[in-house]
Amino acid sequence: MNVPLADLVIDPLSAVLIIPAGAAAVLALMPGYWVAARVNVLASLATWLAALSLLIDRPAIGGYLFVDDLNIVFVVLSTFVGFTTSAFSASYIGHELEIGRLTPAHLRFYHAMYQILMFAMNLGLLANNIGLMWVAIELATLTTVLMVGIYRTHAALEAAWKYFILGSVGIALALFGTILVYMAARPVIGEGHDAMVWTALIERAHSFSPELLNVAFVFLMLGYGTKVGLAPLHAWLPDAHSEGPTPISAVLSGLLLNVALYALLRFKMLLAANPSALAPGPLMVTMGLLSLIFAGFMLYRRRDIKRMFAYSSIEHMGLITFAFGIGGPLANFAGLLHMTMHSLTKSAIFFAVGHIAQAKGTQKIAEIRGLTVSHPVLGWGLVLGVVAIAGLPPLGIFMSEFLIVSSTFAREPLLAIPLVFGLLVAFGALMLRLSEVAFGEATGSSAPVEASYVPLFAHLALVLVAGIYLPGPLVAWFQGVARLLG
Amino acid sequence: MDATALDVAHLLAGGMVLISFLLLYQDRMFALLNVFALHAIVLAASVAWQAHIQNAPHLYVPAAIALILKGIIIPVALHRVVIRLGIHRTIETVGGIGPTMLLGMGLVALSMVVMLRAAATADPLAREDLAFALSVLLLGLLMMVTRRNAVSQIVGFMSLENGLILAATGAKGMPLVVEISVAFSVLVAFIVIGVFLFRIRERFDSVDVQALDVYRGEQR
């Protein structure tokens with residue numbers, strides 16, 4: 001990639017990667033918190049704009065990077081949530097600095113890591129090389145491990161250690177799967193770099209050795225599945241979400257889980273292109289359904305509000321995996337839509353929860369009561385978010401869940417029973433906790449909190465609009481991607 | 001490819017599996033670290049041999065990285081960490097060596113059955129290399145599960161990564177980028193681990209991972 005510097009500046013594909021990488025270097029050296037937080041927001045905004053320009057002017061497929069209908073959806077979504085989260089983070093960490101939970105030195109590290117994480121996620125999404133994709137996801141894992149442990153409390157260290165061990169094992173299994181895919185491709189495509197290029201792999205996948213592909217997919221499913229947070233490999237997820245800084249919980253739930261799922265989808269497409277390989281659907285359906293029902297029940301016993309929403313993320317990732325496992329144009333469409341809606345809603349909920357935990361000085365559900373009385377804006381923001389995530393009409397998640405259920409009825413009617421059961425279980429738990437937290441007599445501090453409401457309500461507004469009216473071109477786009485997924 | 005080349009490759013890869021078994025039951029920290037260094041040295045020899053028989057000089061780079069980083073620097077650094085943490089005299093209860101070894105044998109048998117069958121069409125060198133690599137990987141996983149000390153878990157994890165490098169070099173013509181980045185990620189992971197070990201020690205006064213379990217988010 002010997003491109004002159006002048007070309008790099010105007011090429012949006014490189015910009016999506018260079019902006020966060022450059023910003024990370026700058027932020028690592030920048031001492032002041034106030035400026036650094038603004039630079040973080042600006043860099044994230046610039047990355048999002050660069051990603052948007054990829055929609056209009058799509059670059060040619062390269063040996064290392066490429067843009068197609070599938071990954072552009074993920075890139076635009078993740079850079080957008082990355083941008084709004086950076087805006088939320090600016091007000092969130094200001095408060096953390098005030099109460100002394102973080103020092104300025106921590107913040108330099110935090111901001112640099114935030115941008116490295118953005119870089120790694122964009123690289124993982126844009127990579128046209130299965131090896132490079134793996135490296136990017138590994139990098140994203142290591143940065144989030146460091147950020148989860150940033151508070152250095154007992155619980156944060158435990159969470160980070162657990163995340164590190166489970167995440168590394170998952171990522172190691174995924175690498176083994178990647179090597180096996182290379183082994184399967186080598187006799188057909190030939191040795192070297194070409195046999196790891198995804199666009200070359202998908203073209204020739206029909207003549208790969210099916211046995212090797214099958215074994216490879218099992219490893220990839222276990223490996224990347226750990227990162228998606230599918231039961232029974234989810235153990236790291238609730239801890240990592242509850243103990244790290246809340247902006248990181250938002251990014252983990254809204255973005256990193258998606259990136260891992262994206263990697264899984266790429267390999268699912270490879271298997272689907274090979275007629276004699278095992279059908280990846282049943283495996284994904286089983287793990288997805290298991291996660292959905294398991295997380296639904298686990299929601300009842302949560303005492304920590306961030307942990308509760310972490311379990312809700314497991315539930316929704318299970319649901320999305322289930323939808324892609326069912327396959328077909330409708331279920332894939334529903335899966336994509338649900339993924340988008342979940343990212344927006346869950347990060348909005350974490351924005352609200354972050355400020356609530358700061359206002360009340362606790363994350364324990366039992367000590368948070370009557371939020372709509374003590375903090376009306378935050379309280380109602382949370383109510384709206386939880387109503388959305390629980391799948392009530394007219395919000396976006398209702399529509400995507402409805403589509404998932406109806407496509408399941410069309411293709412596998414029997415599976416619809418456990419699916420609806422799991423959804424209802426989770427719905428009950430969320431409503432129960434919501435009524436405790438949001439209504440009744442207010443407890444704890446009711447001092448006003450300096451919060452940025454814009455990211456929270458921007459996300460919720462998008463979810464509401466999507467629930468009422470999806471623009472035609474967007475629907476056509478998603479349908480195209482759904483067909484691509486097979 | 002002549003028979004000797006294949007035999008030596010098998011000898012080295014098989015040697016790694018045996019050393020993985022040795023790792024499983026070491027209950028003293030220093031002995032564990034020494035055996036791990038041996039594991040890495042055999043890996044380096046195995047990768048170098050692959051470089052020789054595949055006529056792929058670029059593979060000497062991962063071999064050198066394995067030898068220097070994992071065979072010398074990391075064990076020496078962990079040695080120091082163990083002394084500074086003051087756990088060099090502790091004898092770790094590994095618990096049921098017999099069952100663990102039996103389980104390990106089962107895992108090796110499993111990986112042989114799976115890989116030899118799945119990779120039936122690949123050339124014999126790559127196929128058997130993969131089977132050995134999967135064995136090393138699974139034994140590393142087993143070690144991580146059976147250990148409670150944070151340092152031993154790390155050694156288990158690094159032996160698991162040795163298995164990955166064995167697999168990557170056995171796959172002929174795998175782009176070098178991948179191997180280098182694996183090595184690099186090990187380095188980063190090691191730094192992360194080092195930082196964590198001291199923080200855990202600082203907070204818990206112990207590196208027994210069981211001490212961590214008390215602080216589950218649910219019980220606060």
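A: A residue is buried if 20 or more other C-beta atoms lie within 10 Å of its own, exposed if 12 or fewer, and partly exposed in between, with C-beta atoms placed from the backbone. This is a predicted model, in which local features need pLDDT of at least 70 and side-chain atom pairs count only at pLDDT 80 or more, while totals for chains, interfaces and linings use all residues. Residues are numbered from 1 along each chain as its sequence is written, and chains are lettered from A and ligands numbered from 1 in the order in which they are written.

Q: Is B:N55 buried or exposed?

A: B:N55 is exposed, as 7 other C-beta atoms lie within 10 Å. B:N55 has a positive phi of about 60 degrees, although B:N55 is not a glycine.

Q: Where is B:N55 found?

A: B:N55 is in the loop between helix 2 (29-53) and helix 3 (60-85) of chain B. Helices here are DSSP runs (H or I, at least four residues), numbered from the N terminus.

Q: Which peptide bond at A:P394 is cis?

A: The bond from A:P393 to A:P394 is cis, with omega near 5 degrees. A:P394 lies in the loop between helix 16 and helix 17 (396-411) of chain A. The bond from A:A231 to A:P232 is also cis, with omega near 0 degrees, and A:P232 sits in the loop between helix 9 (210-228) and helix 10 (236-243) of chain A.

Q: At what angle do helix 14 and helix 16 of chain A pack?

A: Helix 14 (residues 328-360) and helix 16 (residues 376-390) of chain A pack at about 150 degrees, with their axes 9 Å apart. The axes are lines fitted to C-alpha atoms over the stretch in contact, and angles run from 0 to 180 degrees between N-to-C directions. Helix 14 of chain A is therefore roughly antiparallel to helix 16 of chain A (angles over 145 degrees).

Q: Which residues make that contact?

A: From helix 14 of chain A they include A:I349 and A:V353, and from helix 16 of chain A they include A:L382 and A:V386. Residues are in contact if their C-beta atoms, placed from the backbone, lie within 7 Å.

Q: How many residues does the contact between the chains take?

A: The contact takes 38 residues from chain B and 41 residues from chain A. Helix 7 of chain B gives the most to the side of chain B that touches chain A, with 11 residues.

Terms used. Helix = DSSP H or I, 4+ residues; strand = E, 2+ residues; numbered from the N terminus. Parallel < 35°, antiparallel > 145°, perpendicular 65-115°, else oblique. Contact = placed C-beta atoms within 7 Å.
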